[in-house]
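Keep the coordinates open while reading.

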Amino acid sequence: MLEDVKPALRAVVMITVTPFDGAGQIDGPGYRSVLRRTLDAGIDVVTPNGNTSEFYSLTAVERDQALALTVEEAAGRALVVAGVGYDMRTAVESAVSARAAGAGAVMVHQPVHPYLSADGWVDYHRAVAEAVPELGVVCYLRSPHIPAGALAELARVAPNFVGVKYAVPDPVAFGQAVTVVDEAAGADRLVWICGLAETWAPFFWPVGAEGFTSGLANVTPELSLRLLDALRTDPAAARDLWRQLKPFEDLRAANGSADNVTVVKEALAQLDLCRRTVRPPISELPAAGQAEVAAWLKAVSA
């Protein structure tokens with residue numbers, strides 16, 4: 001299974017939403033329905049328990065529930081990359097649980113700590129990787145203070161470290177990191193994924209990105225897949241499609257990305273696919289934002 005993970009990651013890596021029911025609990029049928037729709041459209045890599053999944057507002061039991069629902073729906077259809085994180089022990093235990101549940105890889109969230117060293121970052125990820133040698137490990141790099149050398153060192157000590165979800169909005173630094181790791185660990189040692197979704201994917205692509213993460217794919221999976229195909233084959237078409245998708249992603253990025261999840265769930269609610277309910281510390285869109293989402297949905301369906 002491990003040898004299949006790297007090729008699979010060269011894709012649209014969809015981060016699942018976590019629908020809630022009227023009582024505020026995970027809506028199992030709604031979760032399955034939203035996910036099944038994207039799988040039917042051709043999405044073949046899914047990450048439950050990512051940031052778009054409201055990872056940090058889910059309990060451990062709920063994270064296990066979301067993973068189980070994803071594995072059941074995606075069985076034989078998509079690679080499941082389970083999000084894990086928090087303290088190192090919890091991240092390790094979550095990775096082990098993901099393996100038992102049937103995930104093919106884990107995505108390790110940026111460690112949550114006010115103080116973060118490069119060596120400590122490597123140790124954290126190495127502990128996760130060593131606990132699940134059969135699974136691919138993808139790091140979620142959000143800090144500009146983690147140097148490319150740390151990625152190269154992790155590639156050296158963790159054979160199942162297979163990919164980088166790069167979410168620092170700096171294509172130049174990204175390209176430099178790709179170069180450093182390629183020179184230290186060998187070209188194609190890692191799969192490089194733009195972790196900033198459709199907005200940034202065209203800018204990361206020329207310097208090494210081979211896939212991108214997406215919350216939008218929950219809403220319009222066909223458009224995300226079209227962008228991936230265009231990035232591979234037709235830069236002019238990719239540019240035109242990027243202009244079409246950017247207004248939605250701009251709504252998500254507003255106010256320091258406060259509405260990142262909210263906008264996706266609002267769109268899904270307007271499509272009658274799940275409730276718009278989110279959990280604090282995020283909140284639902286006001287009427288003006290709801291109208292902007294409706295206008296965008298109308299525009300892309302015209």
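This is a predicted model: local features need pLDDT of at least 70, side-chain atom pairs count only at pLDDT 80 or more; totals for chains, interfaces and linings use all residues.

A search of the whole structure finds 1 cavity of 30 Å³ or more. About 50 Å³ of space lies in the largest cavity. Its lining comprises L9, V13, I15, T47, V81, M107, V138, K165, I193 and T213. By class, the lining residues of the largest cavity are 7 nonpolar, 2 polar and 1 charged.

Next, the helix pairs.

| Helix pair | Axes come within | Crossing angle |
|---|---|---|
| α9 (residues 221-233) and α10 | 7 Å | roughly 150 degrees |
| α10 (residues 235-257) and α12 (residues 287-301) | 10 Å | roughly 165 degrees |

Take α10 and α12. Their axes cross at roughly 165 degrees, which makes α10 roughly antiparallel to α12. The crossing of α10 and α12 is left-handed. On the α10 side, the contact uses Q244, L245, P247, F248 and L251. On the α12 side, E292, V293, W296 and V300 take part. The residues of this α10 contact with α12 split into 7 nonpolar, 1 polar and 1 charged.

Now α9 and α10. The axes of α9 and α10 cross at roughly 150 degrees, and the two helices are therefore roughly antiparallel to each other. The crossing of α9 and α10 is left-handed. From α9 come L223, R226, L227, A230, L231 and T233. They meet P235, A237, A238, L241 and L245 in α10. The residues of the contact of α9 with α10 are 9 nonpolar, 1 polar and 1 charged.

L245 of α10 is listed in the contact with α12 and in the contact with α9.

Key. Residues are numbered from 1 along each chain as its sequence is written. Side-chain values use heavy atoms; hydrogens and water are left out. On a 1 Å grid over the protein atoms alone, a cavity is a set of points where a 1.4 Å probe fits but cannot get out, and a pocket is an open set with protein on both sides within 12 Å along at least five of seven lines; lining residues have an atom within 4 Å of a point. Grid points are joined across faces, edges and corners, and a volume is the space filled by probe spheres set on the points. Ala, Val, Leu, Ile, Met, Phe, Trp, Tyr, Cys and Pro count as nonpolar, Asp, Glu, Lys and Arg as charged, and the others, Gly among them, as polar. Axes are lines fitted to C-alpha atoms, for helices over the stretch in contact, and angles run from 0 to 180 degrees between N-to-C directions. Helices (H or I, at least four residues) and strands (E, at least two) are DSSP runs, numbered from the N terminus. Angles under 35 degrees count as roughly parallel, over 145 as roughly antiparallel, 65 to 115 as roughly perpendicular and the rest as oblique. A crossing is left-handed if the near helix is turned anticlockwise from the far one by less than a right angle, and right-handed if clockwise. Contact means heavy atoms within 4.5 Å.
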